[in-house]
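Here is a short tour of one structure.

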Amino acid sequence: MKKISTLMVAIALLLASATATFAQVMLPYTQDFETATFVTGGGQGMPGVQFLPGWYGNQVQPTPASWRIHRDTIYPNSTGRVCLAALPTATVRDTIILSMTVPANNQALISFYTASDSAHTAPNGTRSAKVNYDFSFDGGFGYTQQMPIGDTAGYPRRPTPYIQTTILAPYSVTTVGTNYSLKFRMIVSRGYGVGTAARFLFDDLDVSLIPLSLTENRTVKTNSLLIAPNPASDIISFQLRDASVKNATLLITDIAGRTVYTKNNLDLDQNQRVALPNLLDSGIYTLLIQTENSIYTQKLVVEK
């Protein structure tokens, strides 16, 4: 009995220690990797190495010529100089985790850009890279079902344009009313083809907040709302990929989840033009179209 009790205590201490090893960033949060310096190292297990505050990788290397996870300068998004990159091998999948603290009664809205290119050190080959993501609420011991980022066939082994992806993270009903821990995990593996895999590129991450009061009992559609231009200064056009909606509410929230603009009783077709309110300063916002059963959401960048 004493041995069993000792073993149970040891396991409990081990689990507590493993949970505590994940430092967390407080939301809202942005990361463009421009001024970041990656800590290198890691191993086969997780959490591996904390290469930035709140970011973990199982294998982090120092140079763009490396395989595994690294800071790359050859093909950043937009006008930036660097991006996060990952190059998996036949024996190791690259695992990247962002550990966050979500304020009470909010959901995390995660927006980022992804692309691919060929492997710098091995120019020949046809093998793609595949990327799946999932979430954890219990310190990384259990994760939700994995879902693909990008095309299910993977990221091709050639330079591709950056594409924006927006994901509304789930929340745990047991954490309503309190701040809660959330881990966003990406797993980069080799896809189909021959030779070295494509290099997966990730840049310009933004994690903002949406109050649960807006999303409760509604189906959230994160990639069914298109905004142009984006960035915008005064007038935007947005397009719903679904059918027309009736009696909708348009909301604009800031990065902290505060509602800064509301317009009610809108009947919207698939194309709509809206003048941005003058009160909006330059910054990152979320545009939401709310109906009785659904909510459409997309990032909006205002530049004045």
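## An exposed asparagine in a strand

This is a predicted model. Start with Asn265. Its relative accessibility is 62%, so Asn265 counts as exposed, the cut-off being over 50%. Asn265 sits in strand 20, which covers residues 259-268. Its backbone deserves a look too. Phi of Asn265 is near 55°, a positive value in a residue that is not glycine. Most residues other than glycine have a negative phi.

## An asparagine in a loop

Asn217 also has a positive phi, of about 65°, and is not a glycine. Asn217 lies in a loop. That loop runs between helix 2 (212-215) and strand 16 (219-221). Is Asn217 buried or exposed? Asn217 is exposed, with a relative accessible area of 73%.

## Cis peptide bonds

Most peptide bonds are trans. Leu27 and Pro28, however, are joined by a cis peptide bond. Omega there is about 5°. Pro28 is in the loop between strand 1 (25-26) and strand 2 (29-31).

The peptide bond from Asn230 to Pro231 is cis as well. Its omega is near 20°. Where is Pro231? Pro231 is in the loop that separates strand 17 (225-228) from strand 18 (235-240).

How many salt bridges does the structure hold? There are six. One of them pairs Arg81 with Glu34, at 3.6 Å from N to O. This pair links distant parts of the chain, 47 residues apart. Arg81 is in the loop between strand 7 (68-72) and strand 8 (83-87). Glu34 is in the loop between strand 2 and strand 3 (41-42). Arg81 is exposed, at 52% relative accessibility. Glu34 is buried, with a relative accessible area of 15%.

Another salt bridge joins Arg258 and Asp254, at 2.9 Å from N to O. Arg258 has 54% relative accessibility, so this residue counts as exposed. Asp254 has a relative accessible area of 11%, so this residue is buried.

## A buried pair and its network

The side chains of Asp72 and Arg199 also form a salt bridge, 3.6 Å from N to O. Asp72 belongs to strand 7, and Arg199 to strand 15 (residues 199-211), so the pair ties together parts that lie 127 residues apart in sequence. Both Asp72 and Arg199 are buried.

Asp117 is linked with Asp72 and Arg199 in a network of salt bridges.

## A buried aspartate without a salt bridge

Strand 15 also holds Asp203. Asp203 is buried, yet has no salt bridge. Which side chain of opposite charge is nearest to Asp203? That side chain is Arg71, 9.0 Å away.

What does Asp203 touch, leaving aside its neighbours within four places in sequence? Its contacts include Tyr113, Tyr162, Phe33 and Phe112. Asp32, Asn77 and Cys83 are also among them. Pro76 and Val82 complete the list.

Definitions and conventions:
Residues numbered from 1 in each chain as written. Predicted model: local features only at pLDDT ≥ 70, side-chain atom pairs only at ≥ 80, totals over all residues. Heavy atoms only, no water. Helix = DSSP H or I, 4+ residues; strand = E, 2+ residues; numbered from the N terminus. Buried < 20%, exposed > 50% of the residue type's maximum accessible area, 1.4 Å probe, protein only. Salt bridge = Lys/Arg side-chain N within 4 Å of Asp/Glu carboxyl O. Lys, Arg positive; Asp, Glu negative; His and termini not counted. Contact = heavy atoms within 4.5 Å.
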